[in-house]
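Please keep the sequence and the 3D view at hand while reading.

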Amino acid sequence: MTANRGPRAATDGRELRLWKAGWALTVIFTAAILAAGSVFYGLVYLLDFQEIDTTAKLDAKTLFDMVKLSFGVVAGAGALVALVVAYRRQRVDEAGAHREATRLHTERFSQAVDKLGSDSPAVRLGGVYALAGLADDAPTQDLRQTCIDVLCAYLQLPFTPDPGDDPADQEEHHRYLALRKVRHTILRLIGDHYRPPRGTHRSWQGCDLDLTDVTIDGDMNFYGAEFTGSNVSFCGAKSPAAPCPSMPRGSPAATWTSATRSSPAAT
């Protein structure tokens with residue numbers, strides 16, 4: 001009994017939908033006829049032909065033109081209504097697409113952040129590239145900014161210096177090198193994304209950048225990067241080899257310092 005009800009219920013559902021569609025078409029057709037009749041009567045009234053049988057006569061051509069005009073007015077009104085309905089439907093579809101894009105972005109963002117918190121440096125590196133890609137494809141400026149903030153927050157985590165080449169510290173030294181690769185990749189991606197002109201697909205110009213107290217343990221190059229139009233902070237950023245922000249040329253972070261000072265928005 002239960003197995004036989006499924007197809008029968010589906011058939012009944014299709015028949016019900018067809019009946020409703022037919023009924024709706026009938027109502028619309030009837031309404032159009034009534035509207036055309038009302039317009040026709042209004043035209044006759046306006047032309048002062050209320051006494052058609054006794055005072056005036058309409059030839060066939062005039063009567064036919066009035067009928068065409070009546071249906072034309074109804075058709076125009078129907079087209080206007082259809083245009084409004086189509087516009088509202090488009091707005092609803094766009095809102096739905098935006099919600100879906102935001103949902104997918106949130107899911108991918110959670111996965112990327114999980115990778116960034118992994119114990120494996122290789123997995124963290126994958127999370128860095130995933131967040132950079134999400135920032136490029138973010139449906140809104142706020143979501144792009146969130147991705148950039150997470151990358152900056154990673155750079156602001158407590159810095160563990162190189163334990164050195166002592167054989168007893170070999171494992172820690174290798175981990176330091178691997179994690180330094182992750183940090184250098186973030187800084188390189190930041191420079192790469194602040195170079196393209198604002199408004200292009202991969203440009204982060206206009207987004208805030210907080211590199212406060214970040215340790216730059218390598219030769220970073222922000223040459224050509226533009227930070228105008230946003231709040232940018234390099235306050236307290238330093239190199240382990242030269243803690244003072246005013247470092248001489250030729251130091252490991254000289255290129256970074258020069259690029260920072262060239263930005264009017266850098267603080």
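The points below cover a helix, the salt bridges and a charged surface patch.

The structure is a predicted model.

**Helix H3**
- Helix H3 runs over residues 121-137 and has 17 residues.
- From its first C-alpha to its last, H3 reaches 24 Å, close to the 24 Å expected at 1.5 Å a residue.
- The buried residues of H3 include Pro-121, Arg-124, Val-128, Leu-131 and Asp-136.

- Asp-136 and Arg-202 meet through their side chains in a salt bridge, at 4.0 Å from N to O.
- This pair joins helix H3 to the loop between helix H5 (170-193) and S1, with the partners 66 residues apart.
- Asp-136 counts as buried because its relative accessibility is 11%, whereas Arg-202 is partly exposed, with a relative accessible area of 36%.
- Arg-183 and Asp-217 form a salt bridge of 2.6 Å, N to O.
- Arg-183 belongs to helix H5 and Asp-217 to the loop between S1 and S2, so this bridge ties together parts 34 residues apart in sequence.
- Both Arg-183 and Asp-217 are buried.

**Other salt bridges**
- Arg-195 pairs with Asp-192 in a salt bridge whose closest N and O atoms are 2.9 Å apart.
- Arg-195 is partly exposed at 30% relative accessibility, and Asp-192 is partly exposed at 26%.
- A network of salt bridges links Glu-100, Arg-103 and Glu-107.

- Asp-213 lies in the loop between strand S1 (209-210) and strand S2 (232-233), and is partly exposed at 48% relative accessibility.

Note on methods: Residues numbered from 1 in each chain as written. Predicted model: local features only at pLDDT ≥ 70, side-chain atom pairs only at ≥ 80, totals over all residues. Heavy atoms only, no water. Helix = DSSP H or I, 4+ residues; strand = E, 2+ residues; numbered from the N terminus. Buried < 20%, exposed > 50% of the residue type's maximum accessible area, 1.4 Å probe, protein only. Expected span 1.5 Å × (residues − 1).
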